[in-house]
Amino acid sequence: ASWVPPNHPRRESLFIRERLVDGFRDGYVAFQGLIAHGRGECFDYLVGESTIPPALTAERVAAAALLTASHPVISVNGNTATLAPRQIVELSKLINAKLEVNLFYRTREREELIARVLRESGAEEVLGVADDASCTIPELFSERRRVSCRGIYTADVVLVPLEDGDRTEALRKMGKTVIAIDLNPLSRTSRAASITIVDNVIRAIPNMIKFAGEMREMPRDELVNMVRNFNNEENLRSVLTFIRDRLSELASKGITLEFPKP
Ligand code: ATP
Ligand code: MG
């Protein structure tokens, strides 16, 4: 994105947007993925474009859940593949999780392109491509229910950065622990997940890598207890309270930018 001026106040955000556009041009980010990103940006303004305390808590607990899982799987879609490919692969290695391409708008071409992006980022194995996605999630229809029999279908813990609400609910009904990363605390995904991380994927994955690295050597019981003591309902309430308080503070302080008097 050479057109982005070096001193542009929204430089970082423009660069991230450009990554989505690149992924779209390369054929693996869906049209709908661009719209979803815009919605994420909107909620990112509300949390102040940084990781808020309840998100940090959820990230730590999510790392514990992944470290203690017997069959953890990270579900990857086009947006995730373009936003954090190397980080996703690094996390998967750290926690011993399988990577699975799982698309809402599934086409053979997009599946293969995403698998290639992940392999180019260091992934050894990528599930969910072509004939591998031959198991079906109950209660979902059409292409959306196809998953890998060795991956999401048999997983006990699934990390879904940017998932659809419907599918999150279906995975929960199958008895799985679902970890969602979603900037919208009000989405069905956020409300249905077992552990909801209200943070940008760009920040959440590196935080989880850091926590997983720190917690790897911790006694298993301690990790299990962390997960057991976590209350997602309470955590989501803390997110809403944080946003409310932040907006109240801004409303009383004022938000306009200063300019010289005309
Ligand atoms: P749901 O189906 O869960 O009710 P939805 O239909 O409103 O939600 P989807 O289009 O299914 O939303 O999923 C996109 C979600 O991902 C949005 O809630 C959006 O806030 C979130 N999102 C988009 N980009 C990011 C990002 N970079 N990091 C975290 N969340 C994001
Ligand atoms: Mg949806």
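Me: How many bridges join β2 to strand β3, and do the two run parallel or antiparallel?

Reply: Strands of a sheet pair through backbone hydrogen bonds, either parallel or antiparallel. Two strands count as a pair if DSSP finds at least two bridges between them. Helices (H or I, at least four residues) and strands (E, at least two) are DSSP runs, numbered from the N terminus. Here two bridges join β2 to β3 (residues 126–127), and these strands run parallel. In β3, Val126 is the bridge partner of Leu99. This is a predicted model, where local features need pLDDT of at least 70 and side-chain atom pairs count only at pLDDT 80 or more, while totals for chains, interfaces and linings use all residues. Residues are numbered from 1 along each chain as its sequence is written, chains are lettered from A and ligands numbered from 1 in the order in which they are written, and side-chain values use heavy atoms, with hydrogens and water left out.

Me: In what order do the six strands of the open sheet stand?

Reply: The order is β3-β2-β1-β6-β7-β8, with parallel pairing. β3 and β8 (195–197) are at the edges with a single partner strand each, so one side of each has no neighbour in the sheet. Four bridges join β1 (residues 72–76) to β2, and three join β1 to β6 (residues 157–161).

Me: Which helix makes a β-α-β unit with β2 and β3, and what is its hand?

Reply: A crossover is right-handed if, with the strands pointing away from the viewer, the path from the first strand over the helix to the second runs clockwise. Helix α6 (residues 108–120) makes a right-handed unit with β2 and β3.

Me: Are the faces of β1 covered or open?

Reply: In a regular strand the side chains alternate between the two faces of the sheet. Buried means under 20% relative accessible area, exposed over 50%, and partly exposed in between (1.4 Å probe, protein chains only). Both faces of β1 are covered: Pro72, Ile74 and Val76 are buried on one side, and Val73 and Ser75 on the other.

Me: How much space lies in the largest pocket?

Reply: Rolling a probe the size of a water molecule over the atoms shows where empty space is left. A pocket is an open set of points on a 1 Å grid over the protein atoms alone, where a 1.4 Å probe fits, with protein on both sides within 12 Å along at least five of seven lines; lining residues have an atom within 4 Å of a point. Grid points are joined across faces, edges and corners, and the volume is the space filled by probe spheres set on them. The largest pocket holds about 1100 Å³. Of its 49 lining residues, Ala36, His37, Gly40, Asn79 and Leu162 are closest to the centre. Helix α2 (31–47) gives the most to this lining, with twelve residues.

Me: Which rings form the one aromatic pair?

Reply: Rings of Phe, Tyr and Trp (its six-membered ring) pair if their centres lie within 6.5 Å; planes under 30 degrees apart are stacked, over 60 edge-to-face, and the rest tilted. The search of the whole structure finds one pair. The rings are those of Phe24 and Phe31, with centres 5.0 Å apart and planes at 55°, so the pair is tilted. Phe24 is partly exposed at 28% relative accessible area, whereas Phe31 is exposed at 60%.
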